[in-house]
Amino acid sequence: MKITILGSGGWGIALAMSAERNGHSVTLWSPFEQEVNELLVNRESKKLLQGIKIPESINITTNFSVVENSDITIIAVPSIAVRETALRLKDIKIREDLSSEQVFQKALAKNKIKPEEVNRW
């Protein structure tokens, strides 16, 4: 199964590594070029998960269109960026045979998005 994780922080990396260990093809996305370059060179987040190596089999990119070919897209960005990230999905042509997006987050940003809005995108 092709899984795209939107968000390359500690949570996104952990989800990506778990999916990869379970035999899935995984792409980790970040909107930040410098962050992607550091992850590609070091294969770890020295700031968030120092010493935890990201397997070479996990693709890391800034190219948002990777979600077009995903079987599952997981939004794992900080709560303040969930709405913006989810809205970007509206402009992507997702395969018609499936359109599964999952939101994983630790907390919702105060006054930014209400829990009942999460499934309305």
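This is a predicted model: local features need pLDDT of at least 70, side-chain atom pairs count only at pLDDT 80 or more; totals for chains, interfaces and linings use all residues.
View 1. Valine 77 lies in the loop that runs between β4 (72–75) and α3 (82–89). Its relative accessibility is 9%, so valine 77 counts as buried, the cut-off for this class being under 20%. Leaving aside residues up to four places away in sequence, valine 77 touches Leu6, Gly7, Val82 and Thr85. Isoleucine 5 stands 72 residues from valine 77 in sequence, yet the C-alpha atoms of these two residues are 9.0 Å apart in space.

**View 2. The aromatic pair of tryptophan 29 and phenylalanine 64.** One aromatic pair is found when the whole structure is searched. The ring centres of tryptophan 29 and phenylalanine 64 are 5.1 Å apart and the ring planes meet at 80°, so the pair is edge-to-face; planes over 60 degrees apart fall in this class. Tryptophan 29 counts as buried because its relative accessibility is 2%. Phenylalanine 64 also counts as buried, at 7% relative accessibility.

**View 3. Arginine 88 and the ring of phenylalanine 64.** The ring of phenylalanine 64 has the charged end of arginine 88 sitting over it. The distance from this charged end to the centre of the ring is 4.3 Å.

Notes: Residues are numbered from 1 along each chain as its sequence is written. Side-chain values use heavy atoms; hydrogens and water are left out. Helices (H or I, at least four residues) and strands (E, at least two) are DSSP runs, numbered from the N terminus. Buried means under 20% relative accessible area, exposed over 50%, partly exposed in between (1.4 Å probe, protein chains only). Contact means heavy atoms within 4.5 Å. Rings of Phe, Tyr and Trp (its six-membered ring) pair if their centres lie within 6.5 Å; planes under 30 degrees apart count as stacked, over 60 as edge-to-face and the rest as tilted. A charge sits over a ring if NZ of Lys or CZ of Arg is within 6 Å of the ring centre and within 35 degrees of the ring normal.
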